[in-house]
Amino acid sequence: MLQAGEWAYSETLKEHFMNPKNILQGENTDDFDGVGMEGNLQCGDQMMVVIKVDKAKDTITDCQWKTYGCASAIASTSVLSEMVKGRTLDAAFHISPKEVAQELGGLPDHKIHCSVLGDKALRAAINNYYTRNGQEDKVKQELVKVVCQCMNITDHDIEDAVLEGARTYFELQERTKCGTVCGQCKEETEVLLEKFKHIHFGA
Amino acid sequence: MKVYFDHNATTPLHPEVKKEMIAGMEMFGNPSSMHAYGREARANVEHARAQVANFIGAKENEIIFVGSGSEANNTVLSLFVCSSSQCIPGSRRSTIITTKIEHPCVLETAECLAHRGVKVKYLAVDRYGKIDLDQLASLLNDNVGLVSVMMANNEIGTLQDIETITKMVHESGAYMHTDAVQAVGKVPVDVRELGVDFLTISAHKIYGPKGVGALFVKQGIPYCPLIRGGHQERGRRAGTENTLGILGMARAVEMRMVEMPEEEERLHTLKQVLQKGIEERIDDISINGHPTDSLASTLNVSFTGVEGEAILLYLDLEGIAVSTGSACASGSLDPSHVLLATGVDAELAHGSIRFSMGRETTLQEVEYLLDVLPRVIKQIRNMSTAYIKGGLHATSR
């Protein structure tokens with residue numbers, strides 16, 4: 001008979017979960033040059049990333065975080081905080097969820113969204129730094145917008161669902177599961193639904 | 001220290017069950033065979049049937065051995081898509097009523113039936129997980145064929161008043177099913193007192209083996225098998241009997257009859273110690289489920305600002321096994337449908353843990369849990385965004 005197997009997670013992930021690196025202690029973020037937050041508690045995942053920047057070199061010297069979420073969410077932010085130290089702002093901005101997952105030794109499919117939130121929070125922190133330092137021209141907008149944080153449904157997903165036949169909020173939910181957890185995105189989703197119906201079908 | 005607080009998921013074999021099954025391993029005959037090997041197996045299966053029937057106040061011919069509680073529940077609900085004259089006339093009474101807090105094996109079967117033309121209505125529950133009898137009364141009419149309400153909820157332990165519900169259901173002319181998987185062996189269950197037409201039991205929740213359960217079908221009630229192609233179980237469930245499992249199940253219910261009365265009070269005391277300990281040692285928590293009409297073994301707690309899977313895995317590292325109905329651990333992103341139905345908000349539902357105790361749970365184990373848990377919660381809250389400056393729960397600290 002076999003003994004208890006390992007967790008569904010890699011050893012690296014487990015190590016970061018057991019001994020998370022660079023947790024922001026206390027509540028004060030005043031010492032940091034950029035602060036970014038993504039996700040929300042209702043959806044079960046929220047991450048905050050704070051960075052210190054060497055202004056002469058445009059490099060990240062310190063990165064700390066807080067995370068509300070499952071083991072892979074905690075480990076993703078922990079490993080991300082290690083990855084960005086010493087990188088230039090531009091290089092850090094382009095870290096992809098895939099790289100975070102790779103660094104963790106892989107993530108189960110249904111946990112990929114955890115690593116997506118971490119690098120989004122990092123980009124928000126970098127944008128926040130640019131804004132604070134009069135470099136608004138460098139602020140980069142997200143190309144896709146996540147509408148439903150809980151199920152990670154973007155405006156593109158909603159557009160696709162409309163193109164595939166969803167005409168009511170209910171039908172949209174059936175296709176995408178959008179708004180099926182906390183429901184906070186209902187109003188925004190309904191506006192998008194009407195918008196895409198109008199654009200594509202003149203309705 | 002290794003401690004097991006997940007008895008609602010499954011239980012270890014009772015030592016007596018283990019003994020019985022080890023002895024029974026020599027028995028390999030097919031109960032359908034006419035020779036001595038077969039007759040030995042047949043005798044044991046029928047003896048087991050009598051014991052299970054006796055345990056819930058049923059007659060022997062009202063017990064069908066099945067492969068699991070899920071199979072029993074699937075069988076009952078599926079009676080309603082069959083239009084054979086032997087079956088419940090689905091054409092006339094084509095509505096099923098169930099609740100929002102059933103086990104997925106009921107909810108997903110109901111959803112599937114809905115796609116096949118059966119009308120399904122879901123009863124709401126109050127903040128404690130009790131169904132609304134007024135809503136049930138308003139939904140009952142000539143079109144309703146079956147009502148299925150679980151007796152004890154697996155996540156929060158809330159018990160429903162099945163006797164009253166059954167009376168209402170029968171007055172409207174519909175049949176009544178209860179999924180009693182979490183109730184049988186923990187609280188007294190007598191099918192005649194309850195009056196139900198169908199009742200589901202599972203062996204592995206009461207220190208019996210996995211892969212065997214029983215479905216009670218009241219004599220004279222229309223029935224149609226889910227698994228066909230054999231005369232086993234009087235043609236009601238095809239497939240060679242799981243003789244060893246059935247043997248174990250019978251021994252398990254026998255031991256329940258002996259141990260249950262004393263045990264409920266003991267578990268009730270342990271639950272009070274656990275609840276009080278958590279309330280005293282950890283801030284920002286809430287207890288889910290009914291304060292009194294609830295299983296003595298089950299305590300469900302929501303911890304503000306922490307996510308359930310993180311609690312589960314940190315406790316696992318300390319040798320403590322618990323369960324979360326929440327999101328991440330179960331592989332979906334949805335928080336517990338049971339907690340959401342009771343009106344618990346999504347954030348708290350994400351941070352909920354079910355502690356379920358059993359016959360071998362000791363006060364020392366509860367104390368060990370109470371020792372470890374506050375530290376784990378503190379550790380997770382220290383890294384949670386919920387408690388940062390300006391965060392949702394910052395002011396409460």
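**Entry 1: domains of chain B**

Domain bounds, as I use them here, come from an automatic or database domain assignment. I note at the outset that the structure is a predicted model. For chain B, the assignment gives domain 1 (3-8 + 260-384) and domain 2 (15-255). I looked up how the two are placed and found their C-alpha centres 28 Å apart.

I then turned to the contact between these domains of chain B. Domain 1 of chain B contributes 20 residues, and domain 2 of chain B contributes 20 residues. On the side of domain 1 of chain B that touches domain 2 of chain B, β10 (298-303) and α12 (337-341) of chain B each supply at least two residues. The largest share of that side is 3 residues, and I found that α12(B) provides it. Sorted by class, this side of domain 1 of chain B has 13 polar, 4 nonpolar and 3 charged residues.

**Entry 2: domains of chain A**

I repeated the search in chain A, where the assignment lists domain 1 (11-138) and domain 2 (146-201). The centres of these two domains of chain A, taken over C-alpha atoms, are separated by 28 Å. Their contact involves 7 residues of domain 1 of chain A and 6 residues of domain 2 of chain A. I recorded β1 (34-40) and α5 (112-132) of chain A as the elements that give two or more residues to the domain 1 side. That side of domain 1 of chain A consists of 5 polar and 2 nonpolar residues, with no charged ones.

**Entry 3: where the chains meet**

How many residues of chain A are in contact with chain B? I found 27 residues of chain A in contact with 24 residues of chain B. On the chain A side, the elements giving two or more residues are α1 (11-18), β2 (45-54), β3 (59-68) and α2 (71-84). The chain A side divides into 16 nonpolar, 9 polar and 2 charged residues.

**Entry 4: nonpolar cores**

Which residues touch the most other members of the largest nonpolar core? This core holds 95 residues, and the answer is Ile158(A), Ala214(B), Phe216(B) and Met249(B). Helix α9 (residues 243-281) of chain B gives the most to this core, namely 8 residues.

**Entry 5: helix α10 of chain B**

Is helix α10 of chain B mostly covered or mostly uncovered? The helix, residues 308-317, is mostly covered, as 8 of its 10 residues are buried. Among the buried residues of α10(B) I noted Gly308(B), Ile311(B), Leu312(B) and Tyr314(B). Glu309(B) is also buried. After α10(B) comes Gly319(B), whose phi is positive, near 85°.

**Entry 6: confidence**

Finally, I checked how far the prediction may be read. Chain B has an average pLDDT of 92, and 92% of the residues score at least 70. Over residues 326-332 of chain B, however, pLDDT stays under 50. The model has 22 contacts beyond four places in sequence for this stretch. Where pLDDT is low, the predicted coordinates should not be read in detail. For the complex, the predictor gives an ipTM of 0.84 and a pTM of 0.89.

Key. Residues numbered from 1 in each chain as written. Chains lettered and ligands numbered in written order. Predicted model: local features only at pLDDT ≥ 70, side-chain atom pairs only at ≥ 80, totals over all residues. Contact = placed C-beta atoms within 7 Å. Helix = DSSP H or I, 4+ residues; strand = E, 2+ residues; numbered from the N terminus. Nonpolar A, V, L, I, M, F, W, Y, C, P; charged D, E, K, R; others polar. Buried ≥ 20, exposed ≤ 12 C-beta atoms within 10 Å, placed from the backbone. Core = buried A, V, L, I, M, F, W, Y, C linked by C-beta atoms within 7 Å. pLDDT = per-residue confidence, 0-100.
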